[in-house]
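Take a look at the sequence and the model below. Then read on about where two chains meet.

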Amino acid sequence: MSALLELNHVNKDYAVGGFLDRSILHAVKDVSFKISDTAPEIFTIVGESGSGKTTTARMILGNETPTSGSLTFEGQDIAKIRSRADKLKFMARVQPIFQNPFEAFNPLSTLDYYLYSTAKRFLGLKRKTEIEAEVDKALNHVGLSLAEVRGRYSHELSGGQLQRIAVARALIPEPKLIVADEPVSMVDASLRMSIVNLFRDLRDTLGVSIIYITHDLSTAYYISDRVIIMHKGDVVEAGAAQTVLGNPQHDYSRALASAVLPPDPVLARRIIEEKMAARG
Amino acid sequence: MLSVVEKTPLSVDAAPVLKVEGLKAYYQMNYFGVRREVRAVDDVTLTIKRNEIYGIAGESSSGKSSLIKTIAGAITPPLRVVEGSVKFDFGGKVLDVYGEPERMKKARWQHLSYIMQGSMNVLNPVRKVKHAFHDFAFEHMGLSERAFRERVEKHLQRIGLDPRVLESFPHQLSGGMRQRLTIALATVCEPDFIIADEPTTALDVLVQQDVLALIKDIQRRMGASIIFVTHDMTVHAAIADRIGIVYAGRLVEEGPTLDVFRQPQHPYTAHLIASLPRLGDKTRRSALPGKPPNLAEPPSGCRFHPRCPLAIDKCKTDNPPLENRLSGRVACWRAGEVAAA
C-alpha cells in the first residue's frame, strides 16, 4: 500500500505582533497521518475555531508551506512543486471545496462560466461540445444537470444547490483527493444531509478520498472512516470514527462530544437544565 | 431586590401576550414596470402565551426571518404588511404594532426586545461596549447616569460577565462573550417579550449549550416570553416549549415540542426530524429531494406537494387549512399518515 497523501511531523508557526513584541504562534504542531491510494476513505479533521484545522487544509492544498516536516502527495513533496505545469497537474489531483458557497461564486458571473473555465484549464479542452459534455457529467454526479444550471446566477439557487455545484466543479478534473473545509456549516440543517450523503457516494462510486474538516461531530460520526481531533494545533486523538467519537478518551474530545445536543427534547432539556443548575 | 418580580404576573392561563392574525407580508418590487411579489409571510395566525418559549423552524428562504421581523415591527420596504395584524398585550391596553407607531416606539426595548443574528455585527467596532448600552437602553429606563451604570453592572454579573467588559472594545472579546453581551443588551430593561433571530448559529459548539442555558435562565427569572428562529432542530429540542414549522411562507405545523418530535403530523416535519444525524448512528439518512420553492411563483395547492412523498391529486389543487389536530395544529390533507422515523 502506497500513500496518496502523507503528512510527516508537520509544523506551522506564524509570527504575530509587531517589531518589539513579536511572538510565535504554533498553529499546527507535529501532525502526521497517511491516506492510502488504494482504499478511498473519508478522513475527518475535527476541532473548534483556532485549532489549526484550516491551516492543515491550506498546507495540503499547497497554499501554505510548513515550517518543518513534509507533506507528500503521490510521492511528491507538495511544498517543492515549482513549475507551472507541475502545479496545474497537482491542482487537478487535489481539489478544494470551501465553506461558504455564496462567497465562493462571483455574484456577477453565471455559474456555468466557472464550470467551463475549470474544464478548459484542467482538461485542456477547446471544443464547446466536449467542454459541455464534461461539465454535464460532473453535474450528473451531484444530481444536477447542465440544463438546470446554464445561465443561472448564484443568487438564484439555494445554499445546498450551490454547494452541490461547488462539488461538481471540484469533480471536473477527476481528482483523487477533495479537501472540504466546513462544507456544510453555511448550509441549512435540513439540506446538510444531501451534501454529506453526496460525499459518501463519491467515495463509493468514484473512489475519491475526502478530507472533511468540521466542528460538527454528528455529521462527522455519520460519514467518517477515520477521525483526528485537533486542539490548539495538537492532534489530541486519532483513530477509527466509531472509537474516537463513540468513546472519546482525551478530555477535550470528551468536552466536544458532550457539547453535541441530542435531537431529542427529553435528553436535550435535561442537559440545559443541568447547565442552568450549574449557573446557580 | 430586582423589580422584575413584582412586574410580571406569572400565570400561563392569562391572555396571550402576542396575537398574530392572518398576517400577510409581501416583498413588493416594481422594476421597469414589471411588478414582482414575493409572498414571504402568507396568512400566518399564531398566539404566544406568557412565559412561553416558542421556536420557529424552517429552511432558509422559507420566510421565517421575514415573519419574525414583521412581528417585531422592524420591516422596511420592499417588505410590506398587506393584511392581518400583530397585537401585543403587555397588560393594560392592547398594542397594535402596525396601528400605533408612536406607542410601538415607546414599547420597544422596555417591553419588547430583539436579539439579533450574528453577535459580531451588532456592536460598533470603534466604540466601547458601554456606549452600546447607553444608546440602546438609557432612554427607556428613566434612571440617572449613575443608577443606570449600577443597574447595567448588576445585570452583567447576573449573566456571568465581568462588568469590566463595559470598558472594552468588541474585538477584544470572544464570540461567546459578544453573544452574551447582546443578550445582556436585550434583557437589561427586563422586557416582557424577547425576539431572537438564530441566537446560537454563529457560535462555537462548545459555548452553544451555555448560551442556551443562559437564555432559558433569564426567561425563567424574568417571566418573559421568547419567540426565536433557527433552522437547527436540536436547539428547538433543547429550549422551545412549542414549535412552529414554516414552509414557503406558511405555518404548516405547530405543537408542543415533545409531541412534534415524537409524532410529527406533517410529512415535512417528519422529514426534518428523521434527517437529524445522531452520535452513534451510521445508518443512511435520506435527504429531501428537490429544492425550496420560489416564493415569487409558489406551487399551487399545498406548497410542499412537489417534494412530498405522500402527495395526492388534491394536494396539487387545494391548499390545506391549518386545523387543530391532537395537541397542535397542522396544515396537510394527509396529516398524521406519516410514520415517525
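How many residue pairs are in polar contact across the interface of chain B and chain A? The rule finds 13, with both residues at pLDDT 80 or more. A polar contact is a pair of N or O atoms within 3.5 Å; within protein, one must be able to donate a hydrogen and the other to accept it, and residues adjacent in sequence count only if both atoms are side-chain atoms.

This is a predicted model, where local features need pLDDT of at least 70, side-chain atom pairs count only at pLDDT 80 or more, and totals for chains, interfaces and linings use all residues. Residues are numbered from 1 along each chain as written, chains are lettered from A and ligands numbered from 1 in written order, and side-chain values use heavy atoms, without hydrogens and water.

α7(B) gives the most to the side of chain B that touches chain A: twelve residues. Helices are DSSP runs (H or I, at least four residues), numbered from the N terminus.

The rule also finds five salt bridges across this interface. In one of them, Arg220(B) meets Glu273(A) at 3.1 Å, N to O. A salt bridge puts a side-chain nitrogen of Lys or Arg within 4 Å of a carboxyl oxygen of Asp or Glu.

Here is chain B's side by class. Nonpolar means Ala, Val, Leu, Ile, Met, Phe, Trp, Tyr, Cys and Pro; charged means Asp, Glu, Lys and Arg; the others, Gly among them, are polar.

| Class | Side of chain B that touches chain A |
|---|---|
| Nonpolar | 19 residues |
| Polar | 13 residues |

In total, 49 residues of chain B contact 48 of chain A, with heavy atoms within 4.5 Å.

Notes: Helix = DSSP H or I, 4+ residues; strand = E, 2+ residues; numbered from the N terminus.
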